[in-house]
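Here is a short report on charged and aromatic side-chain contacts. Look at the sequence and the model first.

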Amino acid sequence: QVQLAESGGGIVQAGGSLRLDCVASEEAFRSNYMAWFRQAPGKEREFVASISRNSELRGYFDTVKDRFTISRDDAKNTVSLQMNSLKPEDTAVYYCAAQLSPGRYDTWGQGTQVTVSS
């Protein structure tokens with residue numbers, strides 16, 4: 001069964017840091033790309049960061065590029081998102097996703113809430 005399980009969300013003050021983890025089933029972790037998305041209240045889900053299977057390719061949304069870092073631990077089937085210098089506009093539900101079908105993120109976790117207070 002393909003599964004993704006996020007953890008690490010919480011409430012933090014502006015300027016603080018959080019680390020999100022996504023533990024993936026074996027099949028999901030073997031996908032070509034895994035990524036983090038987020039959805040703020042009243043807004044559409046947006047891309048945050050992605051990482052290729054061999055960790056050589058990483059992509060970031062412009063507004064997080066110098067603050068967030070995506071990584072993966074092959075020994076633990078885990079993809080992580082280190083978030084530094086958090087801003088109130090980073091407040092959202094963060095979702096882990098896997099690209100099992102070519103070019104499409106089709107497997108999703110349940111999400112974890114991140115709230116940044118000003």
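With which residue does Arg38 form a salt bridge, and how far apart are the closest N and O atoms? The partner is Glu46, with the closest N and O atoms 2.7 Å apart. A salt bridge here is a side-chain nitrogen of Lys or Arg within 4 Å of a carboxyl oxygen of Asp or Glu.

This is a predicted model: local features need pLDDT of at least 70, side-chain atom pairs count only at pLDDT 80 or more, and totals for chains, interfaces and linings use all residues. Residues are numbered from 1 along each chain as its sequence is written, and side-chain values use heavy atoms, with hydrogens and water left out.

**Salt bridges**

Five salt bridges turn up in a search of the whole structure.

| Pair | Closest N and O atoms |
|---|---|
| Asp90 and Arg67 | 2.7 Å |
| Arg72 and Asp74 | 3.3 Å |

Asp90 and Arg67 form a salt bridge. This pair links distant parts of the chain, 23 residues apart. Asp90 sits in the loop between strand 8 (78-83) and strand 9 (92-98), Arg67 in the loop between strand 6 (58-60) and strand 7 (68-73). Strands are DSSP runs (E, at least two residues), numbered from the N terminus.

Both Asp90 and Arg67 are buried. Buried means under 20% relative accessible area, exposed over 50%, and partly exposed in between (1.4 Å probe, protein chains only). Arg38 is buried at 5%, whereas Glu46 is partly exposed at 28%. Salt bridges link Arg38, Glu46, Arg67 and Asp90 in a network.

Arg72 is buried too, with a relative accessible area of 13%. Arg72 also lies over the face of Phe29, 4.0 Å from the ring centre. A charge sits over a ring if NZ of Lys or CZ of Arg is within 6 Å of the ring centre and within 35 degrees of the ring normal. The charged end of Arg45 sits over the ring of Trp108, 4.4 Å from its centre.

**Aromatic pairs**

There are three aromatic pairs in the structure. In one of them, the ring centres of Phe37 and Phe47 are 5.7 Å apart and the planes lie at 80°, so the pair is edge-to-face. Rings of Phe, Tyr and Trp (its six-membered ring) pair if their centres lie within 6.5 Å; edge-to-face means planes over 60 degrees apart. Ring pairs join Phe37, Phe47, Tyr105 and Trp108 into a cluster. Phe37 and Tyr105 are both buried.

Methods
Helices (H or I, at least four residues) and strands (E, at least two) are DSSP runs, numbered from the N terminus. Rings of Phe, Tyr and Trp (its six-membered ring) pair if their centres lie within 6.5 Å; planes under 30 degrees apart count as stacked, over 60 as edge-to-face and the rest as tilted.
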